[in-house]
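Please read it alongside the coordinates.

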Amino acid sequence: MNTQEIDQIVARVQAGDRDAFGELVFAVRKELRIFLSAHASSIDMVEEVLQSTLVTAYEIIDRYEHRGTFIPWLKGIARNLLLKELHARSRYVSAEDDVLERIIVGAALESTKANDRELEYVERLRRCLERLPDEARKLIQQRYYGGMAVKDMARLLNKTETSVAVALFRVRETLREAMMKEATP
Amino acid sequence: MNDQDFILLIEQYLDGSISAAGRRALSDTVQADPERRRLFEGQARQHVRLHAQTSRVDFTESQRVAVMVMDVAEKEHPSHFIDTLKNQTVRERLNAIARGLRAPRGSGPNRYARFALLRLFGPATLSLVLNLAVILLLIFLTKPEVLFPDHTDYGPIVDLAPPMPGLQTPDGPPESPAVKPPDATVAGPGGGADSGLKTTIPRSPWDDSMPGAPTESGTLTPVAGLALPEPLTPVALLAPFAGSAPGFRNLPESLAGRTPEGRRKAIAASDGNLHTERAVITALDWLRSHQQDDGSWAGQEPAAMTGLALLAFLAHGELPASPEFGPAVRKGLDYLLNHQDAAGVFSKNVYAHAIATYAVAEAATLTHHMGLHDAMERAVVPIVAGQQRDGSYDYNYAQDVRFDTSVTGWQIQALKAAKLAGCSNPSLGPALDRCVRFLKTEAFAGDGSGFVYTGSPGAQPASGATWTMTGVGTLSLQLLDQAHAPQTRAGLKALDDITFAWPSVAGGKPRVYGDYYVTQAKFQQNNKSVWHAWNQRLQQVLLAQQKSDGHWEGGDYDQGSHVYTTTLCTLMLEVYYRYLPTYGVATNVLTTASSGSDDVGVRVH
């Protein structure tokens with residue numbers, strides 16, 4: 001869907017067409033989710049900030065002017081909410097004795113300082129995923145697209161949990177290295 | 001730890017299935033080894049990105065999300081509705097209302113239509129109501145008997161008035177006529193059937209056979225030596241409805257999450273989210289649509305099912321005056337009050353009586369409704385009287401044969417709720433003290449491994465703890481302000497390695513009874529990492545297992561109607577705001593005889 005088509009839907013929402021908001025959510029949800037994944041510390045955080053972004057956008061949608069910039073406008077809202085959430089989370093985990101979450105939240109907060117690079121990474125990840133060997137891609141599909149836990153995957157593939165975990169670990173590392181390599185001029 | 005174990009722990013951490021011990025091991029290794037820390041960090045970040053890249057977005061789901069988003073926005077900020085109304089012509093507005101009224105109840109268009117209608121007709125309705133109130137007041141002041149010819153409602157109007165000096169019935173002591181419920185059966189404290197004492201009380205407080213009953217012309221017959229009550233004052237008329245208006249007043253600290261604002265904050269603070277809230281709302285919708293015509297919910301013990309359903313609504317801050325679920329709450333409370341006998345008993349089943357008391361006491365706290373308060377006071381009497389000398393309870397409130405920690409747990413929840421409601425029964429405090437003593441010295445197994453199901457009153461079993469009863473005992477002690485007691489800490493330690501689960505084996509029953517207690521106990525423990533691990537699984541499992549119409553099914557002890565399983569699952573998803581963790585944090589787990597997770601009958605996944 002191009003920017004003009006999105007603006008047309010936004011105009012319908014602004015005129016009070018409530019069904020149009022469903023179409024708008026459909027149009028932007030995936031892109032917004034990928035955008036948030038560049039900096040969020042967990043899947044839950046992505047989903048929560050995504051919902052908050054949509055709520056905020058709906059509340060102030062009358063302020064949007066039709067210039068073909070709805071998605072950047074939405075990302076602006078999402079970024080602010082995500083930063084707020086990360087800072088809140090960072091304060092919370094530092095008061096708690098949760099080493100693992102502290103590490104991840106710290107890394108996520110750090111990544112916001114290099115915003116453009118991280119956004120470029122998620123874009124590259126999409127391309128790298130397409131180039132994955134079939135077996136590895138299948139593994140990723142089962143884990144993420146299928147939403148399977150490692151225990152269930154092991155049962156399905158008739159392998160041990162450890163071997164499935166190691167395979168997934170390697171695929172993620174391969175993807176990370178490929179993303180970096182693509183980044184090198 | 002070798003590399004493979006490290007990698008497996010990362011994977012388990014990412015899918016939320018890591019155990020408390022695994023989490024500790026992973027924390028230790030990433031702190032000790034910078035390279036492992038880098039790998040862990042990279043894997044976790046990549047996990048989030050991959051999830052987003054591969055996520056599915058379908059149109060129907062997007063529509064549902066959109067409706068939910070609009071609901072949230074409009075509930076909290078109706079200004080959007082107002083803006084929309086301003087921008088619409090009259091014709092567009094009427095069309096939108098017509099469309100909305102045909103839309104499913106609770107959907108965005110439906111809410112919009114109701115809001116628009118309220119805006120259109122609200123002022124006229126208010127004026128009509130005010131005029132009606134003035135007319136009723138005038139009638140009441142001049143001829144009160146027109147308004148109260150046959151009082152069968154909550155009945156507290158004269159019940160709460162001080163006894164009339166000299167009011168005597170020919171056969172007995174001073175008695176307030178309206179205290180008698182409709183066609184109730186007076187039963188002894190043993191629960192009715194066993195006492196052998198049964199007396200039918202006439203429906204009308206002004207029974208025709210009573211001296212002083214109104215004649216057909218509506219006037220009262222003077223009776224020698226009988227002082228008649230004076231006409232009710234307007235204050236007495238309004239009193240039964242005090243507090244039923246929307247809004248909460250003077251809530252105890254632990255119930256601060258029941259208000260919309262409190263709920264929002266509590267959800268954010270305790271890792272709830274819009275998904276859990278959506279599941280709760282859908283479940284409440286299902287409960288509302290499965291309420292019986294008489295206000296009860298179906299099951300072998302309707303009083304228990306009704307109590308549980310009411311607790312689910314009340315946990316969400318739904319009161320009799322709430323716009324959406326208020327009528328269901330009011331009907332449910334009416335059902336319970338209409339089925340309370342003169343001895344204060346809701347059901348001969350001690351579980352059912354305690355659960356109904358629990359619900360009525362919570363409703364009394366939240367609404368300050370005098371009728372509910374009165375019903376709660378009367379319901380507490382048989383519970384206090386039915387306690388055994390050692391502080392425990394048994395089936396049928398039997399004495400000196402056995403103790404039953406499960407039965408005791410529900411009585412404790414009811415008594416604690418009554419205490420929060422300001423129960424004036426002087427025996428309540430000592431009864432709760434005895435409960436604490438019982439939990440610490442009898443229900444708690446001698447080997448320190450947790451709490452047992454049953455035993456002989458006065459004797460502490462050496463062993464035999466189960467995870468379910470450990471949940472009951474631990475939460476009960478937390479509710480009784482014993483969060484720092486060694487037994488509470490040992491209970492929490494025993495529950496450490498349990499994860500929330502739903503049997504995948506055909507025929508296996510989800511253990512929702514135990515999970516109801518353990519969820520609350522872990523929440524009240526107020527330990528971030530423990531709660532995070534439990535809550536993550538809780539959400540994954542309950543959200544996945546909820547049926548599309550909002551109910552859950554198949555839980556242990558379900559009575560066939562799904563109400564039991566649905567209410568307990570709903571209460572688990574309402575844990576974030578139901579009782580805020582104000583009972584104290586259990587820290588520095590003491591060493592007890594329980595040295596590991598294997599010495600207690602807990603399930604480990």
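1. Two residues are taken to be in contact if their C-beta atoms, placed from the backbone, lie within 7 Å. With that cut-off, 60% of the contacts in chain A between residues at least 6 apart in sequence join residues at least 24 apart, and for chain B the corresponding share is 66%.

2. On provenance, this is a predicted model, in which local features need pLDDT of at least 70 and side-chain atom pairs count only at pLDDT 80 or more, while totals for chains, interfaces and linings use all residues. Residues are numbered from 1 along each chain as its sequence is written, and chains are lettered from A and ligands numbered from 1 in the order in which they are written.

3. Confidence should be read per residue through pLDDT, the predictor's own score from 0 to 100. Chain A has a mean pLDDT of 85, with 96% of its residues at 70 or more; within chain A the lowest mean, 78, belongs to α6(A), and the highest, 90, to α2(A). Chain B averages 77, and 74% of its residues score at least 70. The model as a whole scores ipTM 0.92 and pTM 0.49.

4. Two stretches of chain B call for caution. Over residues 150-246 of chain B the pLDDT stays under 50, and the model has 138 contacts beyond four places in sequence for that stretch. Residues 584-605 of chain B also stay under 50, with 53 such contacts.

5. Chain A holds nine helices and zero strands, whereas chain B holds 24 helices and two strands. For burial, a residue counts as buried if 20 or more other C-beta atoms lie within 10 Å of its own, as exposed if 12 or fewer do, and as partly exposed in between, with C-beta atoms placed from the backbone. Buried residues make up 34% of the 185 residues in chain A and 46% of the 605 residues in chain B.

6. At the interface, 52 residues of chain A are in contact with 55 residues of chain B. Several helices of chain A each supply at least two residues to the side that touches chain B, among them α3 (43-59), α5 (99-111) and α9 (161-183), and α2(A) gives the most, with 10 residues. The residues on this side of chain A divide into 29 nonpolar, seven polar and 16 charged, where Ala, Val, Leu, Ile, Met, Phe, Trp, Tyr, Cys and Pro count as nonpolar, Asp, Glu, Lys and Arg as charged, and the others, Gly among them, as polar.

7. Which residues of α3(A) are buried? They are Met45(A), Val46(A), Glu48(A), Val49(A), Leu50(A), Ser52(A), Thr53(A), Leu54(A), Val55(A), Ala57(A) and Tyr58(A).

8. A nonpolar core is defined here as a set of buried Ala, Val, Leu, Ile, Met, Phe, Trp, Tyr and Cys residues joined through C-beta atoms within 7 Å. In the largest one, which has 178 residues, Val69(B), Ile355(B), Ala359(B), Val360(B) and Met376(B) touch the most other members, and helix α15 (residues 350-367) of chain B gives the most to this core, with 13 residues. Leaving aside residues up to four places away in sequence, Val69(B) touches Gln51(A), Leu54(A), Val55(A) and Tyr58(A).

9. Asp400(B), in the loop between α16 (370-385) and β1 (403-404) of chain B, has a positive phi of about 65° although it is not a glycine; Asp400(B) is exposed, because 12 other C-beta atoms lie within 10 Å. Asp481(B), in the loop between α19 (467-479) and α20 (486-494) of chain B, has a positive phi near 60°, and with 14 other C-beta atoms within 10 Å Asp481(B) is partly exposed.

Note on methods. Helix = DSSP H or I, 4+ residues; strand = E, 2+ residues; numbered from the N terminus.
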